[in-house]
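Could you keep the model open while you read my notes?

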Amino acid sequence: MIGIIGAMDIEIAAIKNKISSPVSTKLAGCTFVCGYIDDVMVCAAQCSPGKVNAALCAQAMIDKFDIDQIINIGVGCSLAEDIVVKNIVIADNVCQYDIDITALGEPRGFINGLNTIKIEADKEISDTLARIAINSGEKIRRGTIASGDTFIADTELKQFINHHFGAVCGEMEGAAIGHVCMANHIPFAVLRSVSDGGDENAQLDYPTFKKIAAEKSTAIILKYIASEKTQTAFAEI
(Lines give C-alpha, C1' and ligand atoms only; values in the text may rest on other atoms or scores of the structure.)
Protein backbone atom coordinates (compact mmCIF):
# COMPACT_ATOMS: atom_id res chain seq x y z
CA MET A 1 0.00 0.00 0.00
CA ILE A 2 1.25 3.47 -0.91
CA GLY A 3 0.94 6.08 1.83
CA ILE A 4 0.52 9.67 0.69
CA ILE A 5 0.78 12.57 3.14
CA GLY A 6 0.15 16.26 2.50
CA ALA A 7 0.03 19.05 5.06
CA MET A 8 -2.92 21.00 3.71
CA ASP A 9 -6.28 20.17 2.19
CA ILE A 10 -5.23 21.79 -1.09
CA GLU A 11 -2.32 19.32 -1.28
CA ILE A 12 -4.20 16.10 -0.54
CA ALA A 13 -7.93 16.60 -1.35
CA ALA A 14 -7.58 15.72 -5.03
CA ILE A 15 -5.87 12.44 -4.10
CA LYS A 16 -8.60 11.53 -1.63
CA ASN A 17 -11.27 12.33 -4.22
CA LYS A 18 -9.71 9.85 -6.66
CA ILE A 19 -9.92 6.95 -4.21
CA SER A 20 -12.58 4.36 -5.02
CA SER A 21 -14.30 2.36 -2.27
CA PRO A 22 -12.84 4.73 0.35
CA VAL A 23 -12.70 3.78 4.01
CA SER A 24 -11.96 6.58 6.50
CA THR A 25 -10.24 6.11 9.84
CA LYS A 26 -9.40 8.87 12.32
CA LEU A 27 -6.21 8.53 14.36
CA ALA A 28 -3.95 11.02 16.16
CA GLY A 29 -6.03 13.92 14.85
CA CYS A 30 -5.68 12.82 11.20
CA THR A 31 -8.24 11.27 8.88
CA PHE A 32 -6.80 8.43 6.82
CA VAL A 33 -8.67 7.57 3.62
CA CYS A 34 -7.78 4.16 2.22
CA GLY A 35 -8.93 2.47 -0.96
CA TYR A 36 -7.89 2.13 -4.59
CA ILE A 37 -6.64 4.43 -7.34
CA ASP A 38 -6.15 2.63 -10.66
CA ASP A 39 -6.41 -0.70 -8.76
CA VAL A 40 -3.45 0.31 -6.56
CA MET A 41 -4.04 0.37 -2.80
CA VAL A 42 -3.39 3.79 -1.31
CA CYS A 43 -3.83 5.52 2.01
CA ALA A 44 -4.00 9.34 1.94
CA ALA A 45 -3.90 11.70 4.89
CA GLN A 46 -3.70 15.41 5.66
CA CYS A 47 -1.28 15.89 8.54
CA SER A 48 -1.54 19.72 9.03
CA PRO A 49 1.58 21.90 8.84
CA GLY A 50 4.58 21.33 11.10
CA LYS A 51 7.04 18.61 11.99
CA VAL A 52 5.22 17.16 14.99
CA ASN A 53 1.94 16.93 13.07
CA ALA A 54 3.75 15.25 10.20
CA ALA A 55 5.53 12.76 12.46
CA LEU A 56 2.29 11.86 14.29
CA CYS A 57 0.56 11.24 10.98
CA ALA A 58 3.38 9.13 9.54
CA GLN A 59 3.70 6.95 12.66
CA ALA A 60 -0.05 6.41 12.92
CA MET A 61 -0.18 5.48 9.23
CA ILE A 62 2.63 2.96 9.65
CA ASP A 63 1.17 1.47 12.85
CA LYS A 64 -2.41 1.08 11.59
CA PHE A 65 -2.07 0.25 7.88
CA ASP A 66 0.03 -2.14 5.84
CA ILE A 67 2.20 0.59 4.33
CA ASP A 68 4.99 -0.34 1.90
CA GLN A 69 6.15 3.22 1.18
CA ILE A 70 5.27 6.81 2.05
CA ILE A 71 5.41 9.80 -0.28
CA ASN A 72 5.11 13.29 1.12
CA ILE A 73 3.73 15.74 -1.43
CA GLY A 74 2.91 19.43 -1.45
CA VAL A 75 4.40 22.87 -1.86
CA GLY A 76 7.68 24.38 -0.70
CA CYS A 77 9.90 27.41 -1.11
CA SER A 78 12.99 27.84 -3.23
CA LEU A 79 16.28 28.08 -1.38
CA ALA A 80 18.44 28.25 -4.52
CA GLU A 81 18.72 31.01 -7.11
CA ASP A 82 18.14 28.65 -10.06
CA ILE A 83 14.84 27.29 -8.68
CA VAL A 84 11.74 29.36 -9.37
CA VAL A 85 8.02 29.22 -8.69
CA LYS A 86 6.30 26.16 -10.22
CA ASN A 87 9.53 24.14 -10.50
CA ILE A 88 9.48 20.63 -9.04
CA VAL A 89 11.97 19.54 -6.36
CA ILE A 90 12.45 15.87 -5.47
CA ALA A 91 14.51 15.06 -2.41
CA ASP A 92 17.69 13.04 -2.61
CA ASN A 93 17.76 13.52 1.14
CA VAL A 94 16.09 15.59 3.85
CA CYS A 95 17.29 17.45 6.94
CA GLN A 96 15.86 19.38 9.89
CA TYR A 97 17.47 22.79 9.87
CA ASP A 98 16.02 23.88 13.21
CA ILE A 99 17.59 21.14 15.34
CA ASP A 100 20.34 22.89 17.27
CA ILE A 101 22.36 21.12 19.97
CA THR A 102 25.61 22.77 18.97
CA ALA A 103 26.04 23.88 22.60
CA LEU A 104 26.56 20.19 23.44
CA GLY A 105 29.15 19.73 20.71
CA GLU A 106 27.00 18.25 17.95
CA PRO A 107 26.79 19.81 14.47
CA ARG A 108 23.71 21.85 13.52
CA GLY A 109 20.89 19.56 12.40
CA PHE A 110 22.29 16.40 14.03
CA ILE A 111 19.47 13.93 14.79
CA ASN A 112 20.10 11.95 17.95
CA GLY A 113 18.95 8.35 17.67
CA LEU A 114 19.41 8.27 13.90
CA ASN A 115 22.88 9.81 14.40
CA THR A 116 22.86 11.67 11.12
CA ILE A 117 22.11 15.12 9.73
CA LYS A 118 20.68 14.09 6.36
CA ILE A 119 18.22 11.24 5.85
CA GLU A 120 18.40 9.54 2.48
CA ALA A 121 15.18 9.26 0.49
CA ASP A 122 14.47 6.04 -1.38
CA LYS A 123 16.32 6.25 -4.69
CA GLU A 124 13.99 4.03 -6.71
CA ILE A 125 10.84 5.93 -5.73
CA SER A 126 12.56 9.30 -6.18
CA ASP A 127 13.97 8.34 -9.58
CA THR A 128 10.51 7.27 -10.75
CA LEU A 129 8.94 10.53 -9.55
CA ALA A 130 11.68 12.51 -11.31
CA ARG A 131 11.19 10.62 -14.57
CA ILE A 132 7.42 11.17 -14.46
CA ALA A 133 7.87 14.89 -13.76
CA ILE A 134 10.33 15.30 -16.64
CA ASN A 135 8.07 13.37 -19.02
CA SER A 136 5.23 15.68 -17.95
CA GLY A 137 7.23 18.69 -19.10
CA GLU A 138 8.19 19.92 -15.65
CA LYS A 139 11.52 21.51 -14.78
CA ILE A 140 12.88 19.53 -11.86
CA ARG A 141 15.71 19.70 -9.38
CA ARG A 142 17.10 16.97 -7.14
CA GLY A 143 18.81 17.74 -3.86
CA THR A 144 18.36 18.34 -0.14
CA ILE A 145 14.95 19.44 1.13
CA ALA A 146 15.11 21.12 4.54
CA SER A 147 12.28 21.07 7.07
CA GLY A 148 11.60 23.26 10.09
CA ASP A 149 8.74 24.71 12.07
CA THR A 150 8.99 28.09 10.39
CA PHE A 151 7.35 29.46 7.25
CA ILE A 152 10.49 30.70 5.51
CA ALA A 153 9.96 34.30 4.43
CA ASP A 154 13.33 35.83 5.20
CA THR A 155 16.33 36.12 2.87
CA GLU A 156 18.83 35.76 5.70
CA LEU A 157 17.25 32.51 6.93
CA LYS A 158 16.92 31.24 3.36
CA GLN A 159 20.61 31.86 2.68
CA PHE A 160 21.64 30.28 5.99
CA ILE A 161 19.77 27.04 5.25
CA ASN A 162 21.12 26.90 1.71
CA HIS A 163 24.72 27.56 2.71
CA HIS A 164 24.80 25.42 5.86
CA PHE A 165 22.92 22.36 4.59
CA GLY A 166 23.19 22.74 0.82
CA ALA A 167 19.39 22.66 0.75
CA VAL A 168 17.55 23.72 -2.40
CA CYS A 169 13.98 23.69 -1.05
CA GLY A 170 12.39 24.47 2.30
CA GLU A 171 9.15 23.31 3.92
CA MET A 172 7.74 22.09 7.24
CA GLU A 173 7.08 18.32 7.09
CA GLY A 174 9.25 16.19 4.80
CA ALA A 175 12.22 15.55 7.09
CA ALA A 176 9.95 14.67 10.03
CA ILE A 177 8.21 12.09 7.84
CA GLY A 178 11.60 10.87 6.63
CA HIS A 179 12.75 10.59 10.27
CA VAL A 180 9.77 8.38 11.16
CA CYS A 181 10.16 6.28 8.02
CA MET A 182 13.87 5.69 8.62
CA ALA A 183 13.19 4.64 12.22
CA ASN A 184 10.54 2.17 10.95
CA HIS A 185 12.50 0.98 7.89
CA ILE A 186 9.84 2.27 5.48
CA PRO A 187 10.98 3.63 2.08
CA PHE A 188 9.98 7.26 1.57
CA ALA A 189 10.17 10.12 -0.90
CA VAL A 190 9.45 13.85 -0.73
CA LEU A 191 8.15 15.83 -3.69
CA ARG A 192 7.64 19.57 -3.62
CA SER A 193 6.24 22.04 -6.13
CA VAL A 194 7.69 25.50 -5.53
CA SER A 195 5.15 28.13 -4.49
CA ASP A 196 7.45 30.99 -3.48
CA GLY A 197 11.02 32.18 -3.13
CA GLY A 198 11.37 31.91 0.64
CA ASP A 199 12.19 35.63 0.84
CA GLU A 200 10.35 38.76 1.94
CA ASN A 201 7.94 38.37 -1.01
CA ALA A 202 6.89 34.86 0.08
CA GLN A 203 3.83 36.05 1.98
CA LEU A 204 2.51 37.56 -1.27
CA ASP A 205 3.65 34.83 -3.66
CA TYR A 206 2.51 31.85 -1.59
CA PRO A 207 -1.26 32.60 -1.63
CA THR A 208 -1.04 33.37 -5.35
CA PHE A 209 0.80 30.24 -6.46
CA LYS A 210 0.05 27.57 -3.84
CA LYS A 211 -2.98 26.19 -5.73
CA ILE A 212 -1.06 25.86 -9.02
CA ALA A 213 1.92 24.35 -7.22
CA ALA A 214 -0.25 21.84 -5.35
CA GLU A 215 -1.97 20.79 -8.58
CA LYS A 216 1.42 20.02 -10.14
CA SER A 217 2.48 17.74 -7.29
CA THR A 218 -0.92 16.02 -7.34
CA ALA A 219 -0.68 15.34 -11.09
CA ILE A 220 2.74 13.75 -10.68
CA ILE A 221 1.68 11.49 -7.81
CA LEU A 222 -1.38 10.27 -9.72
CA LYS A 223 0.89 9.30 -12.62
CA TYR A 224 3.21 7.60 -10.17
CA ILE A 225 0.32 5.50 -8.85
CA ALA A 226 -0.61 4.56 -12.42
CA SER A 227 3.00 3.50 -13.02
CA GLU A 228 2.83 1.22 -9.97
CA LYS A 229 -0.19 -0.52 -11.52
CA THR A 230 1.81 -1.08 -14.72
CA GLN A 231 4.73 -2.55 -12.80
CA THR A 232 2.40 -4.90 -10.91
CA ALA A 233 0.85 -6.04 -14.17
CA PHE A 234 4.28 -6.83 -15.62
CA ALA A 235 5.24 -8.71 -12.45
CA GLU A 236 2.18 -10.93 -12.80
CA ILE A 237 2.95 -11.96 -16.41
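Below are a few numbered points on one helix and on some charged pairs.

1. First, the ground rules. This is a predicted model, in which local features need pLDDT of at least 70, side-chain atom pairs count only at pLDDT 80 or more, and totals for chains, interfaces and linings use all residues. Residues are numbered from 1 along each chain as its sequence is written, and side-chain values use heavy atoms, with hydrogens and water left out.

2. Let's begin with helix α4, residues 155-165, where K158, I161 and F165 are buried. These three cover an arc of only 75° around the axis (taken from the directions from the helix axis to the C-beta atoms), so they sit on the same side of α4. E156 and H163, on the other side, are exposed. Here buried means under 20% relative accessible area, exposed over 50%, and partly exposed in between, with a 1.4 Å probe and protein chains only. Helices (H or I, at least four residues) and strands (E, at least two) are DSSP runs numbered from the N terminus.

3. What do the buried residues of α4 pack against? Their partners are β5 (69-78), β6 (88-96), β8 (140-147) and β9 (167-171), with contact meaning heavy atoms within 4.5 Å.

4. Both ends of α4 deserve a look. At its start, a side-chain oxygen of D154 comes within 3.1 Å of the backbone nitrogen of E156. Just after the helix, G166 has a positive phi of about 70°.

5. Now the charges: the whole structure holds ten salt bridges, each a side-chain nitrogen of Lys or Arg within 4 Å of a carboxyl oxygen of Asp or Glu. One of them joins K123 and D127, at 2.6 Å from N to O. The two are four residues apart in helix α3 (residues 123-135), and therefore about one helical turn apart. K123 is exposed at 59% relative accessibility, while D127 is partly exposed at 24%.

6. R192 is buried at 0% relative accessible area, and E171 is buried at 5%.

7. R192 also forms a salt bridge with E173, at 3.4 Å from N to O. That pair links R192 in strand β10 to E173 in the loop between β9 and α5 (174-184), 19 residues apart. E173 counts as buried, at 6% relative accessibility.

Methods:
A polar contact is a pair of N or O atoms within 3.5 Å; within protein, one must be able to donate a hydrogen and the other to accept it, and residues adjacent in sequence count only if both atoms are side-chain atoms.
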